[in-house]
Amino acid sequence: VQLQASGGGLVQAGGSLRLSCAASGRTLSMYDMGWFRQTPGKEREFVAFISKGKTITYYTNSVKGRFTISRDNAKNTVYLQMNFLKSEDTAVYYCAAAGSNLVGRTWYPQPSVYDYWGQGTLVTVSS
């Protein structure tokens, strides 16, 4: 499956952005999906997860209550709605697809368990 992330940009602190991750090649409903982010010199960080059936979501603590992950399997797209953005949310955001079942697994935040990655989209939050 090929993933294409989009929707990044420059936004003021307190603002909102919605990232999209469009899939092609295979149906996205076959995959658990995650969003990660990375800043220069740091490791890729888990942000959010959504299961194949849309019923299970996980978030890193720093974005709980502000970010919402969702998916539209009919459109083969996963979204990350980001509200109340902070300067520390500035990063390149990546979507990723996992062919294995990650629901209930403790390793869902690990980048290594995801099989496919999008190219990243830059989010810059100005304070």
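In this predicted model, Leu80 touches residues from several stretches of the chain: Leu17, Arg18, Leu19, Trp35, Val47, Ala48, Phe67, Thr68, Ile69 and Tyr93, with residues up to four places away in sequence left out of the count. Leu80 is also one of the residues that touch the most other members of the largest nonpolar core. That core holds 29 residues, and Leu3, Met33, Trp35, Met82 and Tyr93 join Leu80 in this group. Strand E1 (2-6), strand E3 (17-24), strand E4 (32-38), E5, E7, E8, E9 and strand E11 (121-126) each supply at least two core residues. A second core is separate and comprises ten residues. Among them are Tyr58, Ala96, Ala98 and Tyr108.

Strand pairing was examined next. E1 and E3 are antiparallel partners, joined over five bridges. Within E3, Ser20 stands opposite Ser6. E3 also pairs with E8, again in the antiparallel sense, over six bridges. Here Leu17 faces Met82 of E8 as its opposite residue. Met82 is among the core residues that touch the most other members, and Leu17 is among the contacts of Leu80. In a regular strand, side chains alternate between the two faces of the sheet.

The loops were then considered. Asn73 sits in the loop between strand E7 (67-72) and strand E8 (77-82). Its side chain makes a polar contact with the side chain of Arg71, at 2.8 Å. Beyond its neighbours within four places in sequence, Asn73 is in contact with Leu28, Ser29, Lys52 and Lys54.

Lys54 itself belongs to another loop, the one between strand E5 (45-50) and strand E6 (57-59). The contact between Asn73 and Lys54 therefore links two loop residues. Most residues other than glycine have a negative phi. Phi of Lys54 is positive, near 75°, and the residue is not a glycine.

Phe84 shows a positive phi too, of about 50°, and is likewise not a glycine. Phe84 lies in the loop between E8 and strand E9 (91-98). Its relative accessibility is 56%, which means that Phe84 counts as exposed, the cut-off being over 50%. Nonpolar cores consist of buried residues, and buried means under 20%. Phe84 is therefore outside both cores described above.

Methods:
Residues numbered from 1 in each chain as written. Predicted model: local features only at pLDDT ≥ 70, side-chain atom pairs only at ≥ 80, totals over all residues. Heavy atoms only, no water. Helix = DSSP H or I, 4+ residues; strand = E, 2+ residues; numbered from the N terminus. Polar contact = N/O pair within 3.5 Å; in protein donor to acceptor, adjacent residues only side chain to side chain. Contact = heavy atoms within 4.5 Å. Buried < 20%, exposed > 50% of the residue type's maximum accessible area, 1.4 Å probe, protein only. Core = buried A, V, L, I, M, F, W, Y, C linked by side-chain atoms within 4.5 Å. Pairing = 2+ DSSP bridges.
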